Amino acid sequence: METIRVLGIETSCDETAAAVVEDGRKIFSSVVASQVDLHAQFGGVFPEAASRQHILNIYPIIEAALREAHMDLKEVDAVAVTRGPGLPGSLVVGINAAKGLSLGSGLPILGINHLEGHLYSAWLHEFSGDLPPEPRCPLMALIVSGGHTELILMEDHCRYRRLGGTLDDAAGEAFDKIARLIGLSYPGGPAIQRAAEEGNPQAVKFPRPWLPGSWDFSFSGLKTAVLRTVRALEADTNVEGLPVADLAASFQASVVEVLVGKTLEAAREFDAKEILVVGGVSANKALRERFWAESRLPVHIPPLSLCTDNAAMIAGAGCYRFGAGQRDGLDMDALPTWPLSELSI
Ligand code: KG4
Ligand code: ZN
């Protein structure tokens with residue numbers, strides 16, 4: 001089989017990223033410019049500031065990715081760029097950069113679904129030595145990020161069946177909101193994880209939103225329960241300061257229990273061979289450990305650098321899509337809302 005090398009570009013949210021990947025598995029380079037410091041002052045992603053920062057960063061980041069891979073554009077086969085879902089003003093910066101590269105070099109461009117990118121992050125490895133075996137379909141995939149909580153049966157490469165997703169907040173969004181509520185910094189996920197390490201997960205018995213009979217998730221009731229507990233503690237004159245570590249640990253325990261429990265149940269029900277856990281929240285230590293401890297099936301969770309947004313995952317998905325014959329035109333528009341289930345080929 002001929003080798004496929006793809007330059008990937010990702011600007012769907014607040015990370016400007018570029019990467020070069022071979023055959024969907026080997027990372028030659030992966031460069032990420034995070035805008036966390038820029039958005040921390042707003043307590044969340046401020047869309048217009050994100051787009052403008054992408055404009056400043058995009059070409060230097062692409063150049064850095066090619067330089068680190070010791071390649072120029074002549075040595076790649078295609079440019080893959082995130083087409084959606086994401087912030088419209090951010091997506092178009094990456095898409096237009098890809099178009100510019102295509103016009104200048106004649107390389108084909110491919111628009112990639114960001115969620116498909118997260119799935120393909122589980123196939124990637126740093127380019128050194130032998131590659132471990134690849135995940136085997138059918139896979140039960142949990143995508144947990146700041147914008148999404150999706151349970152997907154991956155029947156084969158590029159073939160997806162959506163079983164369920166969040167009815168309200170995404171898991172990462174819940175982490176971010178609860179962090180703010182208990183006085184922790186943005187982004188909330190890592191802050192809650194750190195605080196939780198000092199806390200007792202059984203200190204407060206928050207509800208477990210199982211939604212029996214459905215593969216959907218809901219975190220709004222849990223959020224309200226935390227809010228009520230915080231307000232009651234604040235009103236209690238015998239309590240001095242919030243027990244932040246206990247609240248963080250108890251909240252995290254509830255989210256982790258439900259995410260792991262429902263994914264493993266779906267894997268059994270649909271006879272999945274293996275499990276994928278991807279997206280920003282899959283960086284969470286408690287979540288990773290619980291999956292590995294409880295699952296009888298192999299569980300693939302990417303290394304931390306590939307859990308949060310990056311372009312290697314876009315280039316990785318781009319390799320499979322390029323191999324399957326996908327090519328897009330210079331009139332390709334962003335798709336800010338783009339469900340995975342519309343993608344199956
Ligand atoms: O995948 P990602 O980088 O961006 C989206 O596509 O949304 O995910 C970002 C989300 C944020 O909500 C962040 O709080 C969460 O992932 N996150 C974590 C951890 N690291 C990042 N949540 C829990 N524990 C973590 N260690
Ligand atoms: Zn993401």
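In this predicted model, an oxygen atom of ligand 1 lies 3.0 Å from a backbone N or O atom of Asp-309. Taken alone, ligand 1 exposes 550 Å², of which the protein buries 89%. The site of ligand 1 is the largest pocket.

- The side chain of Gln-193 places an N or O atom 2.8 Å from a nitrogen atom of ligand 1.
- The side chain of His-114 has an N or O atom 3.3 Å from an oxygen atom of ligand 1.
- At Asp-309 the atom in question belongs to the backbone, whereas at Gln-193 a side-chain atom is involved.

**Composition of the shell**
- Around ligand 1 there are 19 residues, and those that come nearest are Gly-146, Asp-176, Gln-193, Asn-284 and Asp-309.
- Sorted by class, the shell comprises 12 polar, 5 nonpolar and 2 charged residues.

**Contributing helices**
- At least two shell residues come from each of α4 (114–120), α5 (171–181) and α6 (188–196).
- The most is given by α6, which supplies 4 residues to the shell around ligand 1.

**Contributing domains**
- Domain 1 (5–124 + 306–342) and domain 2 (139–301) each provide at least three residues of the shell around ligand 1.

Definitions and conventions
Residues numbered from 1 in each chain as written. Chains lettered and ligands numbered in written order. Predicted model: local features only at pLDDT ≥ 70, side-chain atom pairs only at ≥ 80, totals over all residues. Heavy atoms only, no water. Near = heavy atom within 4 Å. Polar contact = N/O pair within 3.5 Å; in protein donor to acceptor, adjacent residues only side chain to side chain. Areas by Shrake-Rupley, 256 points an atom, 1.4 Å probe, with all protein chains shown as cover. 1 Å grid on protein atoms, 1.4 Å probe; cavity = no way out; pocket = protein on both sides within 12 Å on 5 of 7 lines; lining within 4 Å. Sits in = over half its atoms within 2 Å of the grid points. Nonpolar A, V, L, I, M, F, W, Y, C, P; charged D, E, K, R; others polar. Domains from an automatic or database assignment.
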